[in-house]
Amino acid sequence: CSREQRALIQAILKAYERHQIPHDVAKKLLHDQYSVEENFLLLTEMATNQVQVLVEFTKNIPGFLSLDHEDQIALLKGSAVEAMFLRSAQVFSSKTPAGHTEVLEDRIRKSGISEEFIIPMFNFYKSIGGLHMNPEEQALLTAITILTPDRPYVKDQSKLCTLHHPHEPQYFARLLGRLTELRSLNHYHTEIISSWRVSDHKFTPLLCEIWDV
Ligand SMILES: Nc1ccc(C(=O)O[C@H]2C[C@H]3CC[C@@H]2C3)cc1
């Protein structure tokens with residue numbers, strides 16, 4: 001791993017660690033009401049916050065802001081769902097304060113999302129947790145997800161990122177394999193969103209903009 005690659009990884013790690021879920025959202029998880037409606041509102045707040053965190057993280061990925069502006073938007077819109085599922089999977093498998101994970105899981109399960117989407121979602125969370133990624137790997141995998149050039153409407157599909165994993169050459173293939181699993185969640189998410197929209201659930205302007213709803 002060369003000096004400049006190490007510097008790049010450090011820059012991405014710093015950007016990743018700078019933005020965490022604010023405490024007030026985490027606190028609400030534990031103290032707010034527990035109805036399906038309240039759970040949905042909490043998820044809305046969490047998802048809105050996660051998109052804000054995603055935009056801030058992405059802007060701090062070296063080189064991102066020098067990309068064509070339309071491509072920057074295309075990359076963000078194309079990766080927002082995957083980056084959010086990846087981040088929530090990482091939150092689930094990280095050492096969040098005891099009890100938060102169970103409460104969050106329970107609220108997600110009781111927020112109007114149908115069981116057929118809950119199952120693959122939590123399978124993904126478990127499969128990410130099982131990788132025991134360190135913060136550098138989490139940050140890099142998120143950056144790779146965002147910088148994946150084969151998003152719709154991205155113009156210059158040049159290679160955007162390389163990754164090193166010294167002692168386990170097949171590890172990188174495993175990480176990329178998770179990205180394939182992650183992509184399958186896009187479909188479920190579209191279904192989740194439309195079922196909420198059909199039953200007249202309110203979204204925030206940011207979520208409407210990032211998902212064209
Ligand atoms: N009004 C909305 C509320 C939540 C979401 C969302 O994507 O929630 C994410 C959090 C976890 C549960 C579904 C996904 C993963 C979208 C619109």
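## Cavities and how they are found

On a 1 Å grid over the protein atoms alone, a cavity is a set of points where a 1.4 Å probe fits but cannot get out, and its lining residues have an atom within 4 Å of a point. This is a predicted model, in which local features need pLDDT of at least 70 and side-chain atom pairs count only at pLDDT 80 or more, while totals for chains, interfaces and linings use all residues. Residues are numbered from 1 along each chain as its sequence is written, and side-chain values use heavy atoms, with hydrogens and water left out.

## The largest cavity

The largest cavity has a volume of about 310 Å³, and among its 21 lining residues the closest to its centre are Leu43, Ala47, Met84, His189 and Trp196. Two or more lining residues come from each of α3 (36-59), α4 (69-93), α6 and α8 (169-198), and α3 gives the most, with 6 residues. By class, this lining has 16 nonpolar, 4 polar and 1 charged residues, where Ala, Val, Leu, Ile, Met, Phe, Trp, Tyr, Cys and Pro count as nonpolar, Asp, Glu, Lys and Arg as charged, and the others, Gly among them, as polar.

Note on methods
On a 1 Å grid over the protein atoms alone, a cavity is a set of points where a 1.4 Å probe fits but cannot get out, and a pocket is an open set with protein on both sides within 12 Å along at least five of seven lines; lining residues have an atom within 4 Å of a point. Grid points are joined across faces, edges and corners, and a volume is the space filled by probe spheres set on the points. Helices (H or I, at least four residues) and strands (E, at least two) are DSSP runs, numbered from the N terminus.
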